[in-house]
Amino acid sequence: MKTNKKKPVLKKSPTALSLSAKKKPPVKSPKKTPFYIIGMGGSAGGLEAFGQFFTNMPIDSGMAFVLVSHLDPTQKGMMPELLQRFTRMQVFQVKDGMEVCPNCVYVIPPNRDMSILHGTLQLLETSSPRGLRLPIDFFFRHLAEDQEERAVGVILSGMGTDGTLGIKAIREKLGMVMVEDPASAKFDGMPRSAIDTGIVDYIGPVKELPAKLLDYAKHPSATLKQKPIAEEKQTNAIQKITVLLRDQTGHDFSFYKKNTLVRRIERRMCVHKITNIDVYIRYLRENPQEIELLFKELLIGVTNFFRDHEAFEALKENALLQILKDRARGNVLRIWVPGCSTGEEAYSIAIILLECMAKVKQRGVCKIQVFATDIDKDAIDKARQGVYASNIAADVSPERLQRFFIKEGNGYRLKKEIREMVIFAPQNVIMDPPFTKLDLVSCRNVLIYMTAELQKKLLPLLHYALNPGGLLFLGVSETIGSLTDLFSTVDNKWRIYRRKESASARMGMFELPVSPLFHGEDQPQHAPKARKSIETTISDTAQQVLSEHFTPPAVIINEKGDIVYISGRTGKYLEPAAGKTNINIFAMAREGLRSELEVAIRRAIAQKKTITMKDLMVKTNGNHQAMDLTVKPFSESEGMKGLLMVVFGDVGAPSKRAASGKAKTGSASRQGKMYKELEKELAFTRERLQTTVEEMETSREELKSSNEELQSTNEELQSTNEELTTSKEELQSMNEELVTVNTELQTKIDELAGANNDMQNLLNNVEIATIFLDDDLNVRRFTPQTTKILNLIPSDVGRPISHIVSNLKYEALLDDIKAVLQTLVFKDAQVQTKDGRWYLMRIMPYRTLDNIIGGVVATFTEITGVKRLEASLRESEVIQEACRFAESIVETIREPLLIMDAELRVVSANRSFYRTFHVSPEETKNSLLYELGNRQWDIPALRRLLEDILPKNNQINDYKIEHDFPEIGRRVMLLNAQQIIREGAGIQMILLAIEDITEHNKRR
C-alpha cells in the first residue's frame, strides 16, 4: 500500500521518543493517499494486549491506530507514556480537532467520548462519567460512517460487551473486524461478545493479529485503484457465484445490486488473500463452508434497537397513535417486518405500539400481531430468544429497559408480553407469498440492496399486502420512486407513506412471488383474477357512464394525465409522441388541443365539476377539425375517485386548407374567418393567462402566509433555543453538583456496606437470635438463629409478629413487646422452648441515631448450659448437705466404718476406725486396705470376699474373723460389707462395717 512521502518519522534518538518532550502532530501531505484507520478497543487487561500488538507491528505499516479504552474519568491518563515503550511510532493523546495521520498511534483521553469526521478526531464531553458508557461502540460507529471500507475494528481483552455494536456498523460499511482469541485474553468478555455476532473476520492471539492486518492491507482491493474483479469478468463471474449460492442455500441473489455483490465478494477475497476471481470461484466449489460465509456476508444482518430514533418517534406520533385511536374494539392490528434480521426492529415496533396504547388508553382494546421474517434462519432463531447484550443500553432508554426488559446475566431479555406479540418465521420476500390485510409494513434498509427493477415489483406487492390506508415505513435511504400512484407521503424525511386507494393504483401490474412449494397448476391465481376484476370494473363503469351521457370517443385519465382507459377512436385528437413510449394525454394531444385540454383538466380538478369547451379547432392530417371538449371528474364509484373522463365531440366536417401559398387578397370571408380564429385564440390565451395569474396570486398569498408562519416559528425556535441554552447551563451546573453529591453518597454507601457487613458477621458469629420489628410490629429482619425460636422464613419479612408461630412455652411475648414499645422500658425474662432449651430474652426499644423510636429489637441468648449448671449446683448442694448430715451420723457411730473403691483403696473412714486401730487419717486415706497399719488387714480370705462384692454385687453379712492385730492384739471382728453408689458421679464403692465382739465372746 502506498503511503505519503512526508509520513511522520522520528529524527531523534530513541530517548526523544518519551512523551515528556513536547511533540507536535505530524503534518500531512497536501495530496492525501487513502489509508486504513484501525480502531482498537480494550478494557481490563487491555494495556498488556496493546503492548503485545504494537511490539509486533512495524513502524511503517502505512496505517493509523486509534485506541479507545475504559479509563478512570477522575485520573490523569498515563496510557500514551506506557504504550510508547512498545513502539517507535509516535503516540499521541488525542486533542480536539487532531487530524489522523498514518504510522501514528492516538489514545483517547480520560472522561471523553471520541468521534471522527473527515479523518479528524473530535472529543465530546461525557454526559455521565460514572454511568454506563460505551466509548468503543461510540467511536466504532462514527469510524464506520466516516471511513467506510477503510475502517478496521480490533477488539482486545476486556470485560463486558462494549464494541459489539460498533463492529456490526463497521461490517455493514464493508470494513474488517479482528478479535483477540478469548483463550489468550486476560478477560474474555468483550472478545466473546464480539465473536458471538458471527461477523468476525480474524480470531487469534494478539501477537498474530498485526501480521494478519498487514496481509489484509496489502490485498489489491485495499488501494481503491486495483480491483481483483475486472470489469469484463464481472458479469460472468457473478452469475457463476449466484448459481453456487442458489444451489446450496436455495436463495437467488441475481436481483441484488451488482455493486453490492461485487463489493461483498471482493471483501471475502481480501480476507482469504485471493486476487483472482476464477480462483475464488474454485475455492467456493471446494469449500462449501465459504459459500455459507458469503451467504451470511450478503445478508448484511446489521441492525439495532430504534435505529434512527427520530424516525421511530415520527412513526409513533404521526401514524400509529391515530391508527390506534381509530381502531375498533376487538380488531386485530397487523404489522409485517420483512428482513428483520435478529429481531431488534420488530421488537422496537412492538415496544412503541405498547407505548401508544398506554398513551391513548387502548390497552387490551385490540390485539397486536407483529410478523417478522428473514431468510437467515440462524438470525430468526436468535430473534425468538429475545436475549441481547448489555450494550443495547446505548440505543434503548433506561425507562424502556426497566419497563420492557429483564436483566439476565450480562445481558437483557425482553419481557414475555413483548415476545408473545412478535411471530418470527423464515421467509424470502421475493419468492414466498406475502402477509396480507396489514396495517403497517416496516421494510427498512431492504430495498437499498435490490435493483431498481426488483423494487418496482416489490413496492406494488407491499401495496397489495396493506389494508386501505395502511402505512409503509422505509429506511432513510429508500423511497417509493415514481410509484406515487400507489402511496401518498405522510413524512417525507423519515420515509413514512400511506397506501392510496385510486383505481390507477389498483391497476398497478405486479407479479406476486410464488413459493418454491407451488408447481404447475398449484400456483396461485388470485393476482391475475384481481387485475381482471379491476379492469372489468373500470370498463363496465366507463361504458355505463358513456351510454348515459355521451357517445363520442373518450379516454379516462388520472390527475397527472396518464391514460388508463380508451373508448372509441381517438386518433383525430390524440397521437403517440415520438421517442420513448408515453401514454400521457398532454404529450399525445394534437396541435390546437393541448393548451385548452390543460386548462379544462385543471378546472375540472379544482372545481370538481364537468368543464366543457366548444368550437375548438384541432389540426388533423393537414386539416382542421372543429370539436367540443368535455372533462368530467368521476364521482359515481368509490373506486374511480381521482380519475377524469375526457370526451371528444365533433362539431362538423373538417375544412380543407389551401395547399398552395398564394393568398387571394380581397376575400372578406377568408379574412373574417382568420380574424375570428385569431380572436378566439387570443381569448383562450387571455383566459389561460388570467388563470395563471390567479394561480400565481393564490400561490403568492399561500407563500406569504407560510413565510409569516415560518417567521413566527423561527422566533419561537429562537426563544426555545435560548431557553434550552439556559437549561443546558443549569443542567451542567446541576450535573457537577450531582457528581459531587454522588461521590459523597458513594463514600457513605461504602461505609454503610462495611458497617452492614460487620453487623451481619457479628450477629452470625455471636449466635444470638435477634429479631427487629418496626412500629407496627412487622418483621424487618432477623438472624438465622431466630428460626429455632420462632417459625420464620425469609418471605416473612414485612409480616406482623402476631402471625408468626412461636416455639416458646411463653404466652406473654406479644404483650411484652407491646409494653416495651409503649413504655420504652426494656424487658428481661428467662424463657424455655418446647424442646427444653432455655433462653434469656431481652426486649428493648429500637432507637435511631437521631434518638427516634423505630420499633423494637428482641434478643434471645441461649442459657441452656447455665440452667443445667444451676440445677447441678443445686443438686450438689443438696448432696453435700446430705453428706454432711450422713457424716455427722457416721461420726457418732461407735463401730469402725470404711468406704473403699473397687481396688480396695480407702476413700474415707470414721473416727472410731482411727481410734480402734491406732492409725491416722493421713496414712489411711487413699491407701489399700491390706497395707494399713503394718499390713494388719492383710487377710487373704477377707480380701477375696471384698473383691467379689462389686463384680458380683455380693454382700458380706455377719462375717466373723479372729486375727492378731499388731496394735491391739488378737481380736474377734464381725464384718458386714455391701456395694454403694456415689450420687451424681455414678461411682461404685464398698462400705465395710467392723464390730469388735471379742469381749462378747469371752462372756459367753
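Predicted model: local features only at pLDDT ≥ 70, side-chain atom pairs only at ≥ 80, totals over all residues.
Reader: OK, so which residues of helix H6 are buried?
Author: H6 covers residues 209-217, and its buried residues are Leu209, Pro210, Leu213, Leu214, Tyr216 and Ala217.

Reader: And where do they sit if you look down the axis of H6?
Author: They line one face of the helix, because the buried residues fall within an arc of 160 degrees. Here's some background: an α-helix has 3.6 residues a turn, so residues three or four places apart point the same way.

Reader: Switching to rings. How many aromatic pairs does the structure hold?
Author: There are 23 of them. One of the pairs is Tyr36 with Tyr216: their ring centres are 5.5 Å apart and the planes are at 55 degrees, so that pair counts as tilted.

Reader: Tyr216 again! What does that pair tie together?
Author: Parts that are 180 residues apart in sequence, because Tyr36 lies in the segment before strand S1 (37-42) while Tyr216 is in helix H6.

Reader: Is Tyr36 buried or exposed?
Author: Buried, at 5% relative accessible area.

Reader: Which residues form a stacked pair, then?
Author: Phe371 and Phe435 do, with 4.6 Å from centre to centre and 20 degrees between the planes. Phe371 is in strand S12 (residues 367-374) and Phe435 is in the loop between strands S16 (422-426) and S17 (438-443), so this pair joins parts 64 residues apart in sequence.

Reader: How accessible are Phe371 and Phe435?
Author: Phe371 has a relative accessible area of 9%, so it's buried. Phe435 comes out at 23%, so it counts as partly exposed.

Reader: Which rings are linked into a cluster?
Author: Ring pairs link Phe305, Tyr347, Tyr388, Phe405, Tyr412 and Phe424 that way.

Reader: New topic: charges. What does the charged end of Arg400 sit over?
Author: The ring of Phe306, 4.1 Å from its centre. There's also Arg780, whose charged end sits over the ring of Tyr846, 4.6 Å from the centre.

Conventions
Residues numbered from 1 in each chain as written. Heavy atoms only, no water. Buried < 20%, exposed > 50% of the residue type's maximum accessible area, 1.4 Å probe, protein only. Helix = DSSP H or I, 4+ residues; strand = E, 2+ residues; numbered from the N terminus. Arc of directions from axis to C-beta. Phe/Tyr/Trp six-rings, centres within 6.5 Å; stacked < 30°, edge-to-face > 60°. Lys NZ or Arg CZ within 6 Å of the ring centre and 35° of its normal.
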